[in-house]
Amino acid sequence: ASFTILKLAFFGSVLAFIMMTKVVRGIGLNSANMFTNLIPVITSLLSYFILKEIFGMQKIIGIGIVILGLFISQIPHIIWHEKIVKIFNRIKLIYSILAKLCDLVLNGYFWSFTP
């Protein structure tokens, strides 16, 4: 029994903490927190495949609510991301126009015309 508790402590606590720390370093805190909401979903799926537990309607609805909640929580980020992309595209367009005008001015195209 004590060996089982040691395995549970190592895999459930120590190893999970180390893996979560690496994930936060790799993808950032906001993205890592999004994945913590999937822990019950992953647990129920693993219990279905490994322990052969039965999926009831409550579990299926719960999984659906969690996944729907994740999608809904990401909508502001997606909209904000699209706005940022549009702003950067406009800035790139203005920059390219200004760069072309500077190129024309510096190469003397505006005052080198002779009749």
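**Figure 1. Aromatic ring pairs in the predicted model.** The count of aromatic pairs comes to 2, where rings of Phe, Tyr and Trp (its six-membered ring) pair if their centres lie within 6.5 Å. The rings of Y48 and F49 have centres 5.1 Å apart and planes at 75°, so this pair is edge-to-face; that label applies to planes over 60 degrees apart, stacked to planes under 30 degrees apart, and tilted to the rest. The rings of Y48 and F55 have centres 5.0 Å apart and planes at 50°, and the pair is therefore tilted. The model is predicted, with pLDDT of at least 70 needed for local features and 80 or more for side-chain atom pairs, while totals for chains, interfaces and linings use all residues. Residues are numbered from 1 along each chain as its sequence is written, and side-chain values use heavy atoms, leaving out hydrogens and water.

**Figure 2. The cluster of Y48, F49 and F55.** Ring pairs link Y48, F49 and F55 into a cluster. Y48 is partly exposed, at a relative accessible area of 38%, and F55 is also partly exposed, at 25%. F49 is exposed, with a relative accessible area of 54%. Buried denotes under 20% relative accessible area, exposed over 50%, and partly exposed the range in between (1.4 Å probe, protein chains only).

Figure 3. S47 lies in helix α3, which spans residues 39-50; helices are DSSP runs of H or I with at least four residues, numbered from the N terminus. The relative accessible area of S47 is 10%, so this residue is buried. Neighbours within four places in sequence aside, S47 is in contact (heavy atoms within 4.5 Å) with K52, E53 and K59.

Key. Helix = DSSP H or I, 4+ residues; strand = E, 2+ residues; numbered from the N terminus.
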